[in-house]
Amino acid sequence: MKSVEVNFDGLVGPTHNYAGLSYGNVASLNNAASYSNPKEAVLQGLAKMKAMHDLGLTQGVFAPHARPDINVLRRLGFTGTAEQVISKAFKADPVLVRACYSASSMWTANAGTVSPSADTLDGKVHFTAANLNNKFHRSLEPQTTTRLLKAMFNNDDYFSHHTHLPDQGFFGDEGAANHTRLGDEHGEQGLELFVYGASAFNSALPKPSKFPARQTLEASQAICRLHQLKPSSQLMIQQNPDVIDQGVFHNDVIAVGNANVLLCHQQAFLNQSHALQQIKNAYMGNKTLHIIEVPTAKVSVQDAVTSYLFNSQLVSLKNGKMLLVAPHECKNNQAVNSYIEEMIMADNPVDQVQFFDLKQSMQNGGGPACLRLRVALNQPELAAVNPAVILNDSKYQQLCDWANKYYRDKLSNDDFADPNLLIESYNALDELTQHLELGAVYPFQLEG
C-alpha cells in the first residue's frame, strides 16, 4: 500500500521571544534578552512549509500553544483576573512570566514520538506526547499537545494516543528529537532508532557532566512498550555524552535520518563504530543503507552546533531524489557549506540542497528539523487525518493573512507585562482553531 511521510510543522506562536530559558541549548542562551519578531518568525516558518508543499510533498500544520499559561501561574499562588495574574506575577518574578509566555511548542520535533502502523503489532499509528520535564517552560506542553494530536488524528480505527510518561526525570522524554526511522519505504516495516542521553537507573552507563541528558533510556523503552513496537523495529543507541556537554542537547543536532540514509557526525554516538554496526545489523531493508559519517576534521562539533547542519531535514522527493533542507547558517559557514557540496556530489541518495531563512527560530536554538514532526501514513490513514491541518495554496494564504492580522513585529521582555499581549494571543489562537477545525483545545476555550 502506497504511503507518504507528512511533515507537520509547528506554527510559531504570537509570543515568540528570546528568554534564554533552555540551559544546554547554546543558541538559546546566547540570544537571551534580544528583541524578537513574532510576525517574521511565523512567516519564515510558513514559507518553508509552502516550499515543501510546492515540491510535491504532503505538508501539515501544527498549531501553537496558548501563552501565557495563566493556569500554572494560578497554581503558583497568583490570583485575580488573567490580566491581574500577569501584573502580579511580572512584579514578583519576571523570569517566571517569561517562561509562561514561551512559544517553544513551535519545535514540534519535541511534541511527541510517532510510530507508523507498519512497525506496530496492532497495525495502528501510535502517538505519545513528550513530557519535556527537563525544562519548566516545556513541561507545560504535554496536555495541550495531546489534545492537538487527538484533534488532528481523530479516528480510533487508525490512530492510538497515549498519555505522556510520568512527569519525573527518570522518564525524561523529548519526543522525536531523539528518534528517527530508517527503512526502504515509509509504508514498509522500518527500524525506529531511539537515541538516549543517559540511563536513570543504571549508574554504570556514562552521562554528561556539564549539561543535562534530556532523554533517558527508560523513557525510550517505555515508548516502545506503549506503541507495541515489533522487536525487530526498535534499537536503543546512546548519544555521546561529550557532545551533549558541547551543546548538542538533542540527537537531531548531531544526526538525521530519512529512508535508507543516516547522516551523522563522527562523534554523534557513544562507541560510534560499534553503534553504527548495530544499526547496520538491525536494518531490515533491501536497499543499501547509506551511513554518511561526517569527519570532525571537516566539520567540528562547534560548527555543527552553530550551523545546525544535522538539524536540517532530509526529505525524499517524488523523482526518487533526496533533498537536504538546511538553514542559511549552513551556507554561511565555510566548512559546513564545503562539506554539503562534497556530500551531494558523492555516491549517496542526497543529491541536492535548499537553504531557508529561519533566523528567528535559529536564534532560539531550533532549525528546520526542530520545526517538524514526521508522520508516515498509508492512504486510508492519510484520508482519516483532519483535512484542515493539511497545507494547500489557499490554506497557506489564509494563515499568512491570519498572522499579519494578529502578530507583533517586535517583542521584548518588558512587553510581557502588557495585558494586551495576552488578549491578542488568545484571540489569534481562537480564530486559528476555526481555520484548522480543531475544536476547543486550549484551556481558555475549555474553561470559558
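Three strands in the order β12-β13-β14 form an open sheet with mixed pairing, where strands are DSSP runs of E with at least two residues, helices are runs of H or I with at least four, both numbered from the N terminus, and two strands pair if DSSP finds at least two bridges between them. The model is predicted, so local features need pLDDT of at least 70 and side-chain atom pairs count only at pLDDT 80 or more, while totals for chains, interfaces and linings use all residues. Residues are numbered from 1 along each chain as its sequence is written, and side-chain values use heavy atoms, with hydrogens and water left out.

- Strand β13 (residues 322-327) pairs with β14 in the parallel sense over six bridges, and Met322 stands opposite Val350 in β14.

**Helices on the sheet**
- Helix α2 (residues 38-54) lies across β12, β13 and β14 and runs at about 150° to β14.
- Helix α13 (residues 334-345) packs on the sheet, touching β13 and β14, and its direction makes about 145° with that of β14.

**His227**
- His227 lies in the loop between α8 (217-226) and β8 (234-238), and counts as buried because its relative accessibility is 0% (buried means under 20% relative accessible area, with a 1.4 Å probe and protein chains only).

Definitions and conventions:
Buried < 20%, exposed > 50% of the residue type's maximum accessible area, 1.4 Å probe, protein only. Contact = heavy atoms within 4.5 Å. Axes fitted to C-alpha atoms, helices over the stretch in contact; angles between N-to-C directions.
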